[in-house]
Amino acid sequence: MRRLVEENKNRQLDMIDGVKVRYDDAWVMVLPDDDKPVCHVYSEAQNMEAAEDLTDFYAKKIKDFQGDE
């Protein structure tokens with residue numbers, strides 16, 4: 001979560017439940033699960049394809065973070 005915040009420090013962030021990164025016309029939220037060692041990624045954008053692309057981008061980013069440890 002800390003790396004997501006660091007990488008997006010130039011964007012508007014909300015950190016109430018997880019990390020929500022706001023874009024001009026979209027957002028993505030990375031929410032850690034309370035019971036399992038996983039994160040859930042949610043997004044909203046102008047259309048379904050853009051939202052799915054944003055979700056896929058952040059899901060891959062999280063997997064890459066895990067490989068760096």
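Figure 1. Arginine 22 is partly exposed, with a relative accessible area of 30%; buried means under 20% relative accessible area, exposed over 50%, and partly exposed in between, for a 1.4 Å probe and protein chains only. The model is predicted, and local features need pLDDT of at least 70, side-chain atom pairs count only at pLDDT 80 or more, and totals for chains, interfaces and linings use all residues. Residues are numbered from 1 along each chain as its sequence is written, and side-chain values use heavy atoms, with hydrogens and water left out. Arginine 22 joins aspartate 14 in a salt bridge, with 2.8 Å from N to O. The term salt bridge denotes a side-chain nitrogen of Lys or Arg within 4 Å of a carboxyl oxygen of Asp or Glu. Aspartate 14 is also partly exposed, at 24% relative accessibility. A search of the whole structure finds three salt bridges.

**Figure 2. Lysine 20, a buried residue without a salt bridge.** Lysine 20 belongs to strand 2 (residues 19-22). Helices (H or I, at least four residues) and strands (E, at least two) are DSSP runs, numbered from the N terminus. The nearest side chain of opposite charge to lysine 20 is that of aspartate 14, 5.0 Å away; Lys and Arg count as positive and Asp and Glu as negative, while His and the chain ends are not counted. When neighbours within four places in sequence are left aside, the residues in contact with lysine 20 are Gln12, Leu13, Asp14, Trp27, Val28 and Met29, where contact means heavy atoms within 4.5 Å.

**Figure 3. Salt bridge between lysine 61 and glutamate 7.** The closest N and O atoms of this pair are 2.7 Å apart. The pair links distant parts of the chain, for lysine 61 lies in helix 2 (residues 48-68) and glutamate 7 in helix 1 (residues 2-7), 54 residues apart. Lysine 61 is buried, at a relative accessible area of 18%, whereas glutamate 7 is partly exposed, at 42%.

**Figure 4. Salt bridge between lysine 60 and aspartate 64.** The N to O distance here is 3.0 Å. Both residues lie in helix 2, four residues apart, which is about one turn of the helix. Lysine 60 counts as exposed, with 51% relative accessibility, and aspartate 64 as partly exposed, with 38%.

Figure 5. Valine 30 is buried, at 2% relative accessibility.

**Figure 6. The largest pocket, with a volume of about 380 Å³.** Of its 14 lining residues, the closest to the centre are Met1, Cys39, Ile62, Phe65 and Gln66. Helix 1, strand 4 (39-44) and helix 2 each give two or more residues to the lining, and helix 2 gives the most, with five. On a 1 Å grid over the protein atoms alone, a pocket is an open set of points where a 1.4 Å probe fits, with protein on both sides within 12 Å along at least five of seven lines; lining residues have an atom within 4 Å of a point. Grid points are joined across faces, edges and corners, and a volume is the space filled by probe spheres set on the points.
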